Amino acid sequence: MKKFLAVIAVVVGVFSLFVYMSTPSKQRMNEELKKPEVVKLIEDNLKDYDKDAFTEKGIIKTYEIDYNKTEYSPMGGINFTIYINGDRNLNIQDTLNKYSRGYSLGAKVLSPELSHLLRKR
């Protein structure tokens, strides 16, 4: 019985080490989010929500990624939060995925306040 438990402990330890080693660091995740092609993807996505984004007529004037909140998604990709117009109540939680053909944005959650503002338009 002791040998069996020892084998299980080794298997769990090796698996845990593998998962830990394959998880990208916060610095690497943030570097991905700062790449020009990712920035363009995010800005194009914001323009899908607000066709006048980044103009005087738009609801979305500026955005900021909270690099302290980036985290690795267990399903793959990078979870991150965007704040709109410097207001923490106007936010989008998003996922960046990297494929062989490039990047894409995944599941999104808009804050109720931002969703309400965009629907009024």
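**Helices, a hairpin and salt bridges in a predicted model**

F4 is found in helix α1, which spans residues 2-22; helices (H or I, at least four residues) and strands (E, at least two) are DSSP runs, numbered from the N terminus. The structure is a predicted model, in which local features need pLDDT of at least 70 and side-chain atom pairs count only at pLDDT 80 or more, while totals for chains, interfaces and linings use all residues. Residues are numbered from 1 along each chain as its sequence is written, and side-chain values use heavy atoms, with hydrogens and water left out.

F4 counts as exposed because its relative accessibility is 53%, where buried means under 20% relative accessible area, exposed over 50%, and partly exposed in between (1.4 Å probe, protein chains only). Together with M1 and I8, F4 forms a nonpolar patch on the surface, with about 370 Å² of accessible area.

In helix α2 (residues 26-33), the buried residues are M29, N30, E32 and L33. Seen down the axis of α2, these buried residues fall within an arc of 155°, so they line one face of the helix; the arc is that of the directions from the helix axis to the C-beta atoms. The cover over the buried residues of α2 includes α3, β1, β2 (71-72), β3 (78-84), β4 and β5, with contact meaning heavy atoms within 4.5 Å. E31, also found in helix α2, is partly exposed, with a relative accessible area of 43%.

Strand β4 (residues 87-99) pairs with strand β5 (residues 102-105) in the antiparallel sense over four bridges, two strands being paired if DSSP finds at least two bridges between them. A hairpin joins β4 to β5 through two residues, and Y99 stands opposite G102 in β5.

The structure holds five salt bridges, each defined as a side-chain nitrogen of Lys or Arg within 4 Å of a carboxyl oxygen of Asp or Glu. Among them, D44 forms a salt bridge with K40, the closest N and O atoms being 2.8 Å apart, and both residues lie in helix α3, four residues apart, about one turn of the helix. A salt bridge also links the side chains of K51 and D52 (3.6 Å, N to O); K51 is exposed, at 70% relative accessible area, whereas D52 is buried, at 13%. D52 is found in the loop between α3 (36-49) and β1 (63-65) and, leaving aside its neighbours within four places in sequence, is in contact with K57, G58 and R121. The side chains of K108 and D94 likewise meet in a salt bridge (3.6 Å, N to O). K108 lies in the loop between β5 and β6 (109-110) and D94 in strand β4, so this pair ties together parts that are 14 residues apart in sequence.

Conventions
Patch = residues over 30% accessible without salt bridge, like charges linked within 9 Å, V, L, I, M, F, W, Y side chains within 5 Å. Areas by Shrake-Rupley, 256 points an atom, 1.4 Å probe, with all protein chains shown as cover.
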